[in-house]
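Please read the following report alongside the sequence and the coordinates.

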Amino acid sequence: MQLPRLITLALLALALALLIQFDLEKILSIENFKANQSAISLWLNSNYWLALAGFFTLYIGITALSIPGAALMSLIAGALFGTVTGTLVASFASTIGASLAFLLSRYLFQKLTERKLSRYIKKINKGIRKEGNFYLFAIRLVPLFPFFVINAVMGLTRIPLTNFYWVSQLGMFPATLVFVNAGTQISNISKTQDILSWQLLSSFLLLGIFPLITKRLMNYSRRKKEQRQFKKPANFENNLVVIGAGSAGLVTAYIASQAKAKVTLIERAKMGGDCLNTGCVPSKALIRSSKIMSDIKRSSEFGISTITPQVNLKEVMQRVMDVISQIEPHDSTQRYSELGVNCIEGNAVIRSPWTVEVNGKLITTRSIVIATGGNPSVPNIPGLSEIDYLTSENIWGLEETPENLLVIGGGAIGCEMSQAFKRLGSNVTIVETRDRLLAAEDDEASAFIEKSFIDEGIKVITDAKPSNFSTTNNIKSLTIKTPKGKKIINFDSVLIATGRLAETNNLGLEDLGIKVNENGTVQVNNYLQTIYPSIYACGDAVGSQYLTHAAAHEAWHCAMNSLYGHWWRISVDSSLIPHAIFCDPEVAAIGLNEASAKKQNIKYEVTRYEISDLDRAIIDNEAKGFIKVLTIPGSDKILGVTIVGTHAGENIHEYVLAMQNDLGLNKILGTIHIYPTFTEGNKYLAGNWRKANLSKTLIKISSWLNNRRLN
């Protein structure tokens, strides 16, 4: 180790030893300062310059060593030296100390900083790459991270020391001034009544509202910076233009229209988007038909003579179209026009933060919401383009049941369609690249569904990589690579169910500098804003969860923030959005499962209830599945729930309500449930939790009391 480093380490060790010896943390307290204020002030009057130099040096040392107390030192600076001198001393001392901490991190404690502050490094590096010095100025002005974190992490970036110094000096100056001014008022407290003085109250009011004011100023500055290349219209035709009439777009337009805003809704294809026309609605209608087929085949279980049903896929698909047509009026142009929404059919292109072009006409608006939905993601597998493959968009045109159906993808769509077509008469093979179906779900849930599929006759191949498609003598085949070697799968039709991509092409985003991820999703902040505060995005265009109800949740935030964000914004929280896979049995979940809890190092306890024990499940011959709830150890607070079983998608909502309202399992246990129902399983699970968490001491006392009553 070089000599300068050895000397630095020795000095740091000495400083830490002094810190421990003199209990600096106790010394640096407002109580200790007030107790000794008279003596300090008396000594200060006769040793002013020495006190000033000593205070300056101490402040630098505290900041450089990241010792808690910098804010208190600013208050004391005001109390001892007044607003002007105190501000100058505190400002320069804090910046010099921060720069020393910056250098220590860069040249001496790099590995320690990387290890201890890893969760901050990625965020700060991203901000520096995106905005440079402006980002440092912003987090100094509005502290998103503790100052010692900023000092240390900045030492790992490429920012020059000189830039770090002057940006920090400017960024911290306003807050320093506020703290020092508050310190001048704290020094005037001599009796209880002084606490209510207007000078002191106004100083603390400044401390409270300063971050809010500076945050608004920073947001205003960012808006101006991003939007200055465009000319803002003098007048606006709309409060809001929504691009896309799927779930996200329709909800956004609906909420805005109910707020009596002037709204224009633009859709290039069909109203209702993917959910109505090619997603949720048709898939669940098909699943219902396949369930009827399954129930007929099981009729002997219920004492009914087995009959031989016949599937007419053309009629099944006609029913699917009939279901769509019945729901279609809810999402129609007529309905939204009656709500006051200006509905336009055409391709929209965003020309500026306030203008959208459609059908050759420019429309002005205060805000824009991108809700353009998504498309099936088709993997680049050699030979696939030469085959008429199916996706969730075109599968509804089938008129005959494929004899041998190959499904690529073991996620929600792949699993739902595999089981549905198996029940409708196809021989189904499902291929998944990961080591299990439904890889995002609880391990036990995945295993349960996989076994159910195998028992039903579906061939499941996991941990398999598709290699290439080929056609020989009119026989279609796929070659896959598995840990056991290559396999060839012959098929008549293939369904590609490997996820979705956002549909954000040809919107003009590139020309505006709005960044798009590899999967087409738009980058937004917690308020669903792009780099332009007037342009929002939600639903599949953001791609947080690719769920209709998640899109509606985000759409509400888009509508509210776009209309009222100048006064108050609401950040979107997607942590408690439930989901369900509508295979049989269903899988429903919310919050954490065991794998995600372990990944995040969150401690948990597991409570289970086997649905095979539930009366209603036994009555219906559906006694299969389980309920699994994760709770905080020693508490009934729910961290996550997974349900596998009949009506799981319905039963999960009791837990959704509980988690959103911070209710625990005790509340569910105390709720009366109708007998016999599937939701009783939730109450019985809560009872299992209560049994496992009963106090052994209370049980002994209860036993003693009851035994005494027998004698």
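S257 is in contact with V263, L339 and V341, leaving aside its neighbours within four places in sequence, where contact means heavy atoms within 4.5 Å. This is a predicted model, in which local features need pLDDT of at least 70 and side-chain atom pairs count only at pLDDT 80 or more, while totals for chains, interfaces and linings use all residues. Residues are numbered from 1 along each chain as its sequence is written, and side-chain values use heavy atoms, with hydrogens and water left out.

S257 lies in helix 13 (residues 247-258), and S352 is placed in strand 4 (residues 348-352); helices (H or I, at least four residues) and strands (E, at least two) are DSSP runs, numbered from the N terminus. Buried means under 20% relative accessible area, exposed over 50%, and partly exposed in between, with a 1.4 Å probe and protein chains only.

Leaving aside neighbours within four places in sequence, S352 is in contact with F230, I368, L512 and I535. The side chain of S352 also makes a polar contact with the side chain of T355, at 2.7 Å; such a contact is a pair of N or O atoms within 3.5 Å, where within protein one must be able to donate a hydrogen and the other to accept it, and residues adjacent in sequence count only if both atoms are side-chain atoms.

A nonpolar core is a set of buried Ala, Val, Leu, Ile, Met, Phe, Trp, Tyr and Cys residues joined through side-chain atoms within 4.5 Å. In the largest one, which has 37 residues, L286, M317, F421 and F453 touch the most other members. Several elements each supply at least two residues of this core, among them helix 15 (280-297), helix 16 (313-327) and helix 18 (412-423), and the largest share, six residues, comes from helix 16. Not counting residues up to four places away in sequence, M317 touches L286, I395, W396, L398 and F421.

The axes of helix 15 and helix 18, being lines fitted to C-alpha atoms over the stretch in contact, come within 8 Å and cross at roughly 45°. The residues making this contact include L286 and I287 of helix 15 and A420 and F421 of helix 18.

Across the protein, which has 27 helices and 21 strands, 47% of the 711 residues count as buried.

Terms used:
Axes are lines fitted to C-alpha atoms, for helices over the stretch in contact, and angles run from 0 to 180 degrees between N-to-C directions.
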